[in-house]
Amino acid sequence: MHRRTFLGLVATSAASMAFAQESSPSSVFLRATEIADFESAKNRLNQVSRHVGFGNFNIINFDLVLHYARNVSKIGAFTPSELALLEKLFYDATEPYGFFGQRTCESLTATIVEREVYKVPRSGHYLFQGEALHAFERLQKDVGPTLILTSGVRSVAKQMSLFLDKISACEGNISLAAKSIAPPGHSYHSIGDFDVGKQGFGYLNFTEEFAKTEEFLKLQELPYVRTRYVPGNPDGVWFEPWHIQIIKPMQT
Ligand SMILES: [Zn+2]
């Protein structure tokens, strides 16, 4: 996309976002009967993350999460009704709550093969060996060393945890949560996409402020990457200037 066209879309998006942030009457919420299981499952996932460490949690598979929960007494095993809720959030169709992205992972218990990923030093995050890692290394040359990796490969459990935390921040509004975090099983982070930021920019890397940085503007000039979630994207996700999709040679 031409840079000027893109920046025009960014300007349009600010107005549409202000409107979209209002909770729509068709929003899907957690049911009252699900809230207790939701809270306890969310807490167990966060406790497992603390137990194994933030970096390891990025690539942990669901069976291992269950194992740690069962065997670490202060966490405690997931109950059948908690698991049923997590399965529902993973396997149910997402269109009813306004998310139209494709499914990227078929199984709740899918495993990331450790030798297929690379832990990027000082980031706490992983990239898939091959295309994704090469693209990131090329970006650091073309954009400069101030471009950092802020999120890479995410397992189903990691995406589930992020999604539950977001639903919680959205006071149970699943539709609103899915505007900024892909539901588990639908994240392109499980197939090679990654997030970048500007060194020292902190949480602003995950806001539209990132679109004003020199790093972002340089990214727009590169032929081998694009911003996945541009304003008005078909998936129904808000503008994410930090989220990188690799352009395959065939697509250029
Ligand atoms: Zn992302």
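1. Terms for exposure come first. A residue is buried if 20 or more other C-beta atoms lie within 10 Å of its own, exposed if 12 or fewer, and partly exposed in between, with C-beta atoms placed from the backbone. The model is predicted: local features need pLDDT of at least 70, side-chain atom pairs count only at pLDDT 80 or more, and totals for chains, interfaces and linings use all residues. Residue numbers start from 1 along each chain as its sequence is written.

2. Arg 122 deserves a look. Its phi is positive, about 65 degrees, although it is not a glycine. Arg 122 sits in the loop between strand E1 (117–120) and strand E2 (125–128). Helices (H or I, at least four residues) and strands (E, at least two) are DSSP runs, numbered from the N terminus. Arg 122 counts as exposed because it has 8 C-beta neighbours inside 10 Å.

3. Glu 171 also has a positive phi, of about 55 degrees, and is not a glycine. The residue is in the loop between helix H7 (156–169) and helix H8 (174–177). Buried or exposed, for Glu 171? It counts as exposed, with 11 C-beta neighbours inside 10 Å.

4. Gln 129 lies in the loop between E2 and helix H6 (131–142). It is partly exposed, with 13 other C-beta atoms within 10 Å. Leaving aside neighbours within four places in sequence, Gln 129 is in contact (C-beta atoms, placed from the backbone, within 7 Å) with Glu 116, Val 117 and Tyr 118. The C-alpha atoms of Gln 129 and Arg 115 are separated by 8.3 Å, and these residues are 14 apart along the chain.

5. Now the sheet. Four strands form an open sheet, ordered E3-E4-E6-E5, with antiparallel pairing. Two strands pair if DSSP finds at least two bridges between them. Strand E3 (147–151) and strand E5 (225–227) are at the edges with a single partner strand each, so one side of each has no neighbour in the sheet. On average, neighbouring strands of this sheet are turned by 45 degrees against each other, direction ignored.

6. Inside that sheet, E4 (residues 194–198) and E6 (residues 243–246) run antiparallel and are joined by two bridges. Which residue stands opposite His 243 in E6? Asp 195 does.

7. Helix H2 (residues 35–52) packs on H7 at an angle of about 130 degrees, with the axes 10 Å apart. Axes are lines fitted to C-alpha atoms, for helices over the stretch in contact, and angles run from 0 to 180 degrees between N-to-C directions. H2 and H7 are therefore oblique to each other. Angles under 35 degrees count as roughly parallel, over 145 as roughly antiparallel, 65 to 115 as roughly perpendicular and the rest as oblique. On the H2 side, the contact includes Phe 38, Leu 45 and Ser 49; on the H7 side, it includes Met 160, Leu 164 and Ser 168. By class, this contact of H2 with H7 has six nonpolar, four polar and two charged residues. Ala, Val, Leu, Ile, Met, Phe, Trp, Tyr, Cys and Pro count as nonpolar, Asp, Glu, Lys and Arg as charged, and the others, Gly among them, as polar.

8. H2 also packs with helix H5 (residues 80–91), at about 90 degrees and with axes 9 Å apart. That makes H2 roughly perpendicular to H5. Asp 37, Phe 38, Ser 40 and Ala 41 of H2 make the contact with Ser 81, Glu 82, Leu 85 and Leu 86 of H5. The residues here divide into four nonpolar, two polar and two charged.

Terms used:
Contact = placed C-beta atoms within 7 Å.
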